[in-house]
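Please open the model in your viewer and follow this short tour, which moves from one selection to the next.

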2 protein chains.
Amino acid sequence: MQAKLSDLGMRQRPSDITRLMTFALEQPNMLSLAAGFTDNESLPIEDVREIVEEIADSGAMGKTTLQYGANKGRDRLRSLLAKRIRSFDTIDESHLDEKNLFISNGSQQALYLAIQTLCDPGDFVLVEQPTYFVFLEILQGFGVNALAMPMREDGEIDLAGLERLLSQFESEGNLDKVKALYLVSYFSNPSGHCVSEKVKSDIGSLLSRQKEPIAVIEDAAYRELYYENPFDSRSGLALESFNHLPVLYTSTLTKPYASGLKVGYSYCSDTNWLNSMLNVKGQQDFGTANFAQAIVEHALASGRFDAHLNSLRGLYKSKMLTLHESLGESLKSLGWKWEEPAGGLYLWLKSPNGMRTDGESPFHSSCIENGVFYVPGNLCFPGNEDRSRIRLSFGSLNLEDIREAALRFVAAAASMTDSAIA
Amino acid sequence: MQAKLSDLGMRQRPSDITRLMTFALEQPNMLSLAAGFTDNESLPIEDVREIVEEIADSGAMGKTTLQYGANKGRDRLRSLLAKRIRSFDTIDESHLDEKNLFISNGSQQALYLAIQTLCDPGDFVLVEQPTYFVFLEILQGFGVNALAMPMREDGEIDLAGLERLLSQFESEGNLDKVKALYLVSYFSNPSGHCVSEKVKSDIGSLLSRQKEPIAVIEDAAYRELYYENPFDSRSGLALESFNHLPVLYTSTLTKPYASGLKVGYSYCSDTNWLNSMLNVKGQQDFGTANFAQAIVEHALASGRFDAHLNSLRGLYKSKMLTLHESLGESLKSLGWKWEEPAGGLYLWLKSPNGMRTDGESPFHSSCIENGVFYVPGNLCFPGNEDRSRIRLSFGSLNLEDIREAALRFVAAAASMTDSAIA
């Protein structure tokens, strides 16, 4: 008989980010404002070449870089990163110990491990609207419900609304199913929004008052990708109201450096949760590629990382401004709205009159026909509620292509309005 | 209130391999014959330095190596690997298409994805006795039962016994819960055993006759680490009896080259299963570090990979012989038994008179006291049945340390016999 694995159930669901990335990589003539790729022309090629030379010359290339490493990650790298967080957040050493810090395959793996270890199918995780869409896919993959938090007009979480939501779960006896609150706290993917320290602190207080433990997953992947100044809000790790909450703070070294190295890092305040994630990581890969870790460790220690990051800030600012200005008045006059972000890789657009922008919409088709590609914003909402949003990434295209992509986008937008009028 | 995540349930279980590796890495004076690390002194330092130079000089360093890549892995690398499998197995291109091949974070991640996508809690996966112990941990982590296959004296699967086992499941109406058969088919970790082509082919026939689809996961991680000649058995991908079975063939490029790069590869004959694994991989990390892939791709294409591997074969043979001979007559005279393998990184010992060797045994303590560390063989059996086995790895120690570790091991063994006599 012929065996077919037709019953892979929910695990067969196609991944949107994978599909988008694959599509973008396969269409050379398409200008993609979709995938969150980083700038191609500024990749630190000479840095990496020099670092590999230096590691080889120092005699440290063999046993300590080309051999397996520890599951948790390289000691010195973990120590450098703990110091870095302490410095951002003004935390002293006794309150942030590197033993609770681990390295992963990008911060993506840490998000995956966090949900895999915390949640059972049917549980709930609180998310912002909008939120990082791959995180929504992770939840869906584990059969976990994304629970949309009520939001204020200014993009912050509506705390009174959140309190009512939690009370409702409590009164229904389901509060123990709410396992975590996920916060994209700096220059959010997709919206560019930053969570103020006041709101963050109030979230900590609200969660600490609950009768069941609710963990906080703070995704700070874009924290260092500000254009001019860091956003003035410490992470949850530094806030008193978070002291008794299980907190996972996660970020990446390679998005703001060389994404092909794929090294993320996380600090977890709860030892049970940390060990549980490390146990699963031990089964998934027992440790992130040691060589990639060694390169970023060397980049951090030698100051190359910060020098590169500093130059990237100006670059991304100019890319953001190029997209912003190229869309400019022509798009605004068609009724589109967006704000200028202060960091990150994205513009977050709202279409006029709620015009649909999802993957099945006429506008999406029109963009494809015009040779430009975007992430439909509905993917960033649990339940796809809002179909009038678009995420545009200016990370990977060069300035000329950004201008051309913007022209194509505006042309698509104009054609829709024409046909709407016609 | 103070929130504690005390209810992480089965996900909290400590991982044995992680614990062993961590322990080995933290004990500088201990000579570890435990962790399956590779040789330190032969790591291809100059290769990697040259490759990075060449990639940088060729102008291919930026966009195509330091940037994110495709979730499935680099096209050229996948094409080279498909060609490699076709050449080992004498398969023509029409029967083994690179579109079914993907790259992972070591072959470990592929094993993890395979089980995660195939199985639900309570399902069964058939395993050899002994089998790769981290695979047993993966099963346990997903609540999947490892179902021990009856084995012959010569280390091959007892096919008549396996047929009876499957009939029993069928008659109990549980055959649909048996999702896969896991085979470590070349120079097995831990036993060094190779599965003959005849047995493999008969397994294919037996599984093809079943009323429910049972996938085959063929773990060929050590296939290329033979000492003198490849083991004369094609993989399941080449066998007619496997034609209608879902097959995952998985191996690694970095165990036999530079384990710190962590690049594995797999061919999956079933498109549903393949897509399901890729979807989950998209959520876990959306693609293995592009830079690490680029290095091994360059090593393969330039012939450096094969040149290095060839030199490793002689090296591991001499390391195996050194351990084998250093344990030698003194250990055999104490009643210990083992066979000389023809490839791989392990000796697989049997203690005299069933003396216990597990982590809680007096012998294990005696070894620790004597400064030598091993993997208790019971970890390699589902249910830990056999407590008289030991896996010794000669991968990472140099020849001098292997001799010293063997002396310590023999001393521990002798002391046990003395105390047994006393």
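In which helix of chain B is the place of B:Ser366? Select helix α12 of chain B, residues 362-370, and you will find B:Ser366 there; helices are DSSP runs of H or I with at least four residues, numbered from the N terminus. B:Ser366 is buried, with a relative accessible area of 8%, where buried means under 20% with a 1.4 Å probe and protein chains only. Leaving aside residues up to four places away in sequence, B:Ser366 touches B:Ala412, B:Ser415 and B:Met416, a contact being heavy atoms within 4.5 Å.

This is a predicted model, in which local features need pLDDT of at least 70 and side-chain atom pairs count only at pLDDT 80 or more, whereas totals for chains, interfaces and linings use all residues. Residues are numbered from 1 along each chain as its sequence is written, chains are lettered from A in the order in which they are written, and side-chain values use heavy atoms, without hydrogens and water.

Now select chain A, which averages a pLDDT (the predictor's confidence in each residue, from 0 to 100) of 92. Within it, display helix α4 (residues 75-89) and helix α10 (residues 290-301), whose axes, lines fitted to C-alpha atoms over the stretch in contact, come within 9 Å and cross at roughly 45°. That makes α4(A) oblique to α10(A), since oblique covers the angles left over when those under 35 degrees count as roughly parallel, over 145 as roughly antiparallel and 65 to 115 as roughly perpendicular. Among the residues making the contact are A:Leu77 and A:Leu80 of α4(A) and A:Val296 and A:Leu300 of α10(A).

How values were computed: Helix = DSSP H or I, 4+ residues; strand = E, 2+ residues; numbered from the N terminus. Buried < 20%, exposed > 50% of the residue type's maximum accessible area, 1.4 Å probe, protein only. Axes fitted to C-alpha atoms, helices over the stretch in contact; angles between N-to-C directions.
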